[in-house]
Amino acid sequence: MNVRFSKQEEDFRAEVRVFLEPWRDLDGFFGQGLKWKRVRELFCAMGERGWLSLSWPEALGGLGRGPAYEYILWDEVGYARAARNPLSAGIVARSLIRYGSDAQKARWLPPIRSGELHFSLCYSEPEAGSDLASARVRADREGDEYIVNGQKCWQSYAQDMDYLWLLARTGTQESRGRGLSLFICDKNAAGVTVSPLPTLDDDQLNEVHFDGVRVPVSDRVGPENGAWSIMGEALADERHIQFPPGRVRRDLDEMVEWVKGVGLAGDPVVRRTLADLAVQVREVEIYGLLVLDRMQKGRSAAAEVAANKVIHTVVCQNIARAIVDLGGPEALVIGSRPQLLWRQSMWETIGGGTTEIMRSIVAKQALGLGARR
Amino acid sequence: MDFDLNDDQRAILEAVEALLEQHAGAARAIELQPKGEYDASLDAALADAGFSDVGRDPDMGGLEATLVVEAVARAGGVVAIGAEAMVAPMLRDEPLPTPIALATAGHGGAVRYAASARSLLVLGDREARWVALEPGDCAPVRSNFGYPMGRVSAEGTTRGDGLGVGSAARLHTAWQLAIAAEAVGCMEAALAQTVGYLKERRQFGRAIGSFQAVQHRLAECAIHVEGSRWLVREAAYQRAPTEGVATAAAFALSAAGRIFSEMHQLSGAIGFTREHDLHVWSMRLQALRLELGGVAAHRRAIVAARWGGVGS
């Protein structure tokens with residue numbers, strides 16, 4: 001056992017920290033939509049260094065480095081609050097690398113790698129949240145095109161993205177996960193309407209309506225009805241960078257600064273709270289490293305990944321709620337950091353798979369408890 | 001022993017609910033939110049019908065006022081009904097200019113309803129004070145926790161007229177109980193809203209509310225809400241004994257944290273959007289949790305009331 005990063009990996013961390021200096025005021029991790037122009041510039045700057053394609057094969061313009069480098073990169077970016085890892089260079093690119101045609105790779109991977117092209121994940125629907133296999137948006141084939149109709153819901157950042165990574169039903173409703181396909185759809189295509197759903201953190205999610213949208217067959221990724229395994233594999237490829245502990249470390253550091261600032265650092269109750277949260281943050285970090293280890297070895301680790309999501313997101317909330325509870329009514333005023341963290345962290349245990357779904361995965365995968373609900 | 005409301009109490013409750021049906025509700029609360037407006041017309045309607053003064057009626061009292069405050073909170077009313085119906089009658093025989101906001105001496109900062117308040121009741125060490133306010137005395141403060149807020153200056157809390165010996169203790173307990181009663185109403189509404197949604201919302205071919213793991217969590221929340229309601233009503237019925245009020249407040253505001261967290265988690269993505277009504281009540285729970293020193297202070301008040309100062 002060795003829980004240390006190598007010398008080369010630590011050197012890379014130092015390089016990332018220097019790179020991030022000009023971006024430390026960006027604060028694009030929260031409310032990305034309000035700062036998208038600069039976040040995109042950050043991604044382009046990372047793209048110039050090849051950091052959006054760190055682990056892609058060299059033949060596809062990647063740097064061919066291991067997952068530890070990606071982990072370090074997004075851990076530091078998360079700590080700097082600069083941005084979240086973009087879905088384009090993550091789930092979209094990894095799916096294209098595994099399943100895309102040569103023409104698709106040639107068309108999409110270069111602008112993704114450079115940070116210029118961005119995607120919104122269009123999976124969830126009003127009637128298909130946790131139960132994604134019940135998705136209803138239809139894509140019906142007509143010659144060289146699919147005609148897409150239906151509604152997606154709760155898409156993050158769709159207002160700013162260039163393309164949609166669309167999950168749509170090509171089989172029967174009863175075929176559930178076996179009747180779904182993946183498409184790339186131009187957000188500006190005729191019949192696509194993106195409308196905002198204002199959220200409790202003053203940001204927005206979106207509804208995306210498809211009204212007779214024509215998608216060329218050449219923009220389907222992977223086989224027809226083959227979406228389910230592609231989505232699963234792409235998620236697995238991303239599991240070590242989805243929840244970088246740096247975000248949570250930073251939450252705690254901000255809390256400590258806040259506690260000092262309001263003169264509560266000597267209060268024994270506050271100190272006990274901080275100690276408790278510091279232990280929780282260490283749990284977040286060790287789980288993050290455990291997931292990285294499993295990833296490096298190519299082992300499936302569904303239970304560890306699910307547990308990691310639960311721990312990470314619950315600790316985000318625990319920290320935010322502890323600060324606000326200490327802060328009194330003044331902590332509720334817009335502009336104060338505690339209330340922003342408090343409101344934003346509400347979403348973390350829901351988006352990207354709810355805590356309940358994650359716990360079901362742990363029960364099933366780690367404990368062998370049957371699928372009966 | 002009889003936990004049922006008597007005929008008069010039931011009549012009050014039905015009447016105020018009928019009024020609220022007409023003048024309040026989630027849609028009205030959401031309409032007022034963007035500008036942080038106070039619902040002056042609801043306040044006037046409650047006052048005209050006598051509900052704001054029910055606590056001054058010699059034949060009635062704290063319990064009836066508590067029922068009114070619970071009901072207004074359930075309806076998401078944007079009015080300072082806790083201060084008007086439960087707090088002010090404990091401090092002065094004559095009604096105060098309304099709206100009424102509540103603050104602590106020497107502590108400036110964000111205060112619920114201060115921007116529209118005409119009266120500020122200030123909790124001092126020895127005495128409570130009444131400060132007459134003019135519109136504009138307290139600048140509005142932007143916040144997203146369900147209540148319009150205003151900024152009270154620390155200096156502003158030192159002005160006004162003293163309300164006499166014992167007034168500080170009376171203000172403290174009445175304020176605590178009013179917060180707790182309001183939390184009860186918000187929790188009831190948030191729970192009812194969520195249970196209704198989870199009965200409708202289907203995933204995996206069945207209503208989410210039919211999953212046993214979900215049912216157990218909702219049941220646990222329902223137990224907490226019921227416990228809060230009866231502790232609050234008991235304290236009101238007993239004429240607000242210091243320890244009983246602190247106990248009700250500690251229990252209800254602790255429950256409020258759990259109800260907030262569980263209702264949002266179980267409602268999923270839609271609960272995080274403003275198109276879903278849950279936030280009308282849920283966000284208020286957090287604001288109520290922080291007032292008057294928060295849960296920790298309510299707990300300390302229990303110890304002080306029961307066992308006195310540390311070491312004595």
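The model is predicted.

Chain A contains 11 helices and 8 strands. Its radius of gyration is 21 Å, close to the 21 Å that the globule rule gives for 373 residues, so chain A is as compact as a globular protein of that length. Along the principal axes, the C-alpha atoms of chain A fill a box of roughly 70 × 45 × 45 Å. Of the 373 residues in chain A, 47% are buried. Contacts in this chain between residues at least 6 apart in sequence were also examined; 70% of them join residues at least 24 apart.

Chain B has 10 helices and 9 strands. A compact globule of 312 residues would have a radius of gyration near 20 Å, and the 19 Å of chain B agrees with this. The C-alpha trace of chain B spans about 65 × 45 × 40 Å along its principal axes. Buried residues account for 53% of the 312 residues of chain B. Among contacts in chain B between residues at least 6 apart in sequence, those joining residues at least 24 apart make up 70%.

The two chains meet at an interface. Here 28 residues of chain A are in contact with 26 residues of chain B. On the chain A side, the elements giving two or more residues are β6 (192-198), α9 (302-327) and α10 (337-348). Helix α10(A) supplies the largest share, 3 residues. By class, this side of chain A has 14 nonpolar, 8 polar and 6 charged residues.

The largest nonpolar core has 203 residues. Within this core, Val68(B), Val87(B), Leu177(B) and Ala252(B) touch the most other members. Helix α6 of chain B, residues 167-200, gives the most to the core, with 18 residues. Leu177(B) has contacts beyond its neighbours within four places in sequence. These partners are Met86(B), Val232(B), Ala235(B), Ala236(B), Ala240(B), Val245(B), Ala248(B) and Ala249(B). A second core is separate and has 9 residues. Its members include Cys153(A), Leu205(A) and Trp347(A), together with Ala269(B).

Glu238(A) lies in helix α6 of chain A. Glu238(A) is buried because 21 other C-beta atoms lie within 10 Å, and the cut-off for burial is 20 or more. Residues up to four places away in sequence aside, Glu238(A) touches Gly90(A), Ile91(A) and Arg94(A). Leu326(A) is 88 residues from Glu238(A) along the chain, and their C-alpha atoms are separated by 36 Å.

Ile241(A) is placed in the loop between α6 (227-238) and α7 (245-261) of chain A. Not counting residues up to four places away in sequence, Ile241(A) touches Glu70(A), Tyr71(A), Trp74(A) and Asn85(A).

Key
Residues numbered from 1 in each chain as written. Chains lettered and ligands numbered in written order. Predicted model: local features only at pLDDT ≥ 70, side-chain atom pairs only at ≥ 80, totals over all residues. Contact = placed C-beta atoms within 7 Å. Helix = DSSP H or I, 4+ residues; strand = E, 2+ residues; numbered from the N terminus. Nonpolar A, V, L, I, M, F, W, Y, C, P; charged D, E, K, R; others polar. Rg over C-alpha atoms; globule rule 2.2 N^0.38 Å. Buried ≥ 20, exposed ≤ 12 C-beta atoms within 10 Å, placed from the backbone. Core = buried A, V, L, I, M, F, W, Y, C linked by C-beta atoms within 7 Å.
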